[in-house]
Amino acid sequence: MDVGGDFLENGHREQPHSALIFVGTGCSSAVPNAMCLIKPSDPPCKVCFQSLSTPPESNPNYRCNTSLLIDYSPSAGEHKYILIDVGKTFREQVLRWFTFHKIPQVDSIILTHEHADAVLGLDDIRSVQPFSPVNDIEPTPIFLNQHAMESLKVKFPYLLQRKLKAGEEVRRVAQLEWKIIENDSKKPFVASGLEITPFPVMHGEDYICLGFLFGKNSKVAYISDISRFIEDTELCDLSSGISKSAGQQLDLLILDTLYKNGSHNTHFCFPQSLEAIKRLQPKRAFLIGMTHEFDHHKDNEFLRDWSKREGIPVQLAHDGLRIPIHL
């Protein structure tokens, strides 16, 4: 399993209190791909069969839906847990990685968009909230844009209802406090004490998804679903946090890459991801959102050579990877 380095503003390596935990690094269909197992190709897909037969904790090719947990420690002994996206595999991620990393709760939730691989685990948020038979617990703040809000009103009407109608039974469901992110990338919001700036990217030419920029001591950009940068995002107001050529260099870029070859209409693939990294020049980058085309070990060998040649350390992330970082 890969071990991430520490990211500190002064360049020294030590153990900061905060960390980023990749609780999911796969595409919407996750890895292994079910079709590879129920209708094997000839020869069979090595990545998917290995993923099925090898325990996930020792197999970086086993990938749940893309999701990042920010373990934010503003002061010694204090931890706030901020979760970006809650996809179809959320319960599995809790069982595998919350238990492994001893994560006791989720303090805030942030959504990039309202597609299934980002939101369909919201019902299971109740599993990381205190038990109450009458739902009298403090709701978890959830930050999302208005488009996602309208979609979730249809997908999860019972998660938005605050008061029971006459005659309705109390049913234990996740308690959420919905907070709308304004459609203005200049306006940061604060989730559990951490200031986060949203910025729009294209996820297909008919759809806008959110990326997020956070961290004062170490600048991190998280972009899970992108097919194209919007010029304002890359070059203008947010350039001080995204592009080295236009401003301050990112300490860490976490970036979408779906397929190993070619292109896709709604996602970056490997060639586009590497080209974006060369253009933005972060100090370090991790790739997420991979299909079963990627073999973690083999493709990270390629990336080691690429990193030496380009002078930017880049590697595929994997589920369960924890990166200490000074936020």
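**Gly215**

I began with Gly215, which counts as buried at 12% relative accessibility. Buried here means under 20% relative accessible area, exposed means over 50%, and partly exposed is in between (1.4 Å probe, protein chains only). This is a predicted model, where local features need pLDDT of at least 70, side-chain atom pairs count only at pLDDT 80 or more, and totals for chains, interfaces and linings use all residues. Residues are numbered from 1 along each chain as its sequence is written, and side-chain values use heavy atoms, with hydrogens and water left out.

I placed Gly215 in the loop between strand S9 (208–214) and strand S10 (220–223). Helices (H or I, at least four residues) and strands (E, at least two) are DSSP runs, numbered from the N terminus. I then listed what Gly215 touches, leaving aside neighbours within four places in sequence: Leu194, Glu195 and Leu327. Contact means heavy atoms within 4.5 Å. I also checked Gly215 against Leu250: the two are 35 residues apart in sequence, and their C-alpha atoms are 10.0 Å apart in space.

**Overall counts**

I noted ten helices and 15 strands in the protein. Of its 327 residues, 57% count as buried. I looked at contacts between residues at least 6 apart in sequence, and 71% of these join residues at least 24 apart.

**Thr112**

Next I went to the loop between strand S4 (108–110) and helix H4 (116–119), where Thr112 sits. Thr112 has a relative accessible area of 0%, so I logged this residue as buried. Which side chain makes a polar contact with that of Thr112? I found Asp85, at 2.7 Å. A polar contact is a pair of N or O atoms within 3.5 Å; within protein, one must be able to donate a hydrogen and the other to accept it, and residues adjacent in sequence count only if both atoms are side-chain atoms.

I turned to helix H2 (residues 46–53), which holds Ser51. Ser51 is buried, with a relative accessible area of 1%. Leaving aside neighbours within four places in sequence, I found Ser51 in contact with Val31, Pro32, Asn59, Asn61 and Tyr62. I took one C-alpha distance as well: Ser51 and Arg63, twelve residues apart along the chain, are separated by 8.6 Å.

Pro32 lies in the loop between strand S1 (19–24) and helix H1 (34–38). I logged another cis peptide bond between Asp42 and Pro43, where omega is about 5 degrees. Pro43 is in the loop between H1 and H2.

**Helix H9**

Which residues of helix H9 (residues 270–280) are buried? I listed Phe270, Ser273, Leu274, Ala276, Ile277 and Leu280. They cover an arc of only 160 degrees around the axis, so they lie on the same side of H9. The arc is that of the directions from the helix axis to the C-beta atoms. Just after H9, I found Gln281 with a positive phi of about 55 degrees.

**Positive phi in loops**

I noted Lys102, not a glycine, with a positive phi of about 55 degrees. Lys102 is in the loop between helix H3 (90–100) and S4. Is Lys102 buried or exposed? At 68% relative accessibility, Lys102 counts as exposed.

I noted Asn135 too: this residue is not a glycine, yet phi is positive at about 65 degrees. Asn135 lies in the loop between H4 and strand S5 (140–145). At 16% relative accessibility, I recorded Asn135 as buried.

**Cavity**

Asn135 came up again when I searched for cavities, as one of the residues lining the largest cavity. A cavity is a set of points, on a 1 Å grid over the protein atoms alone, where a 1.4 Å probe fits but cannot get out; lining residues have an atom within 4 Å of a point. The structure holds one cavity of 30 Å³ or more. The largest has a volume of about 40 Å³. Grid points are joined across faces, edges and corners, and a volume is the space filled by probe spheres set on the points.

The lining also includes Arg126, Gln129, Pro130, Phe131, Ser132, Ile137, Arg172, Val173 and Gln175. By class, I recorded four nonpolar, four polar and two charged residues. Ala, Val, Leu, Ile, Met, Phe, Trp, Tyr, Cys and Pro count as nonpolar, Asp, Glu, Lys and Arg as charged, and the others, Gly among them, as polar.

Conventions:
1 Å grid on protein atoms, 1.4 Å probe; cavity = no way out; pocket = protein on both sides within 12 Å on 5 of 7 lines; lining within 4 Å.
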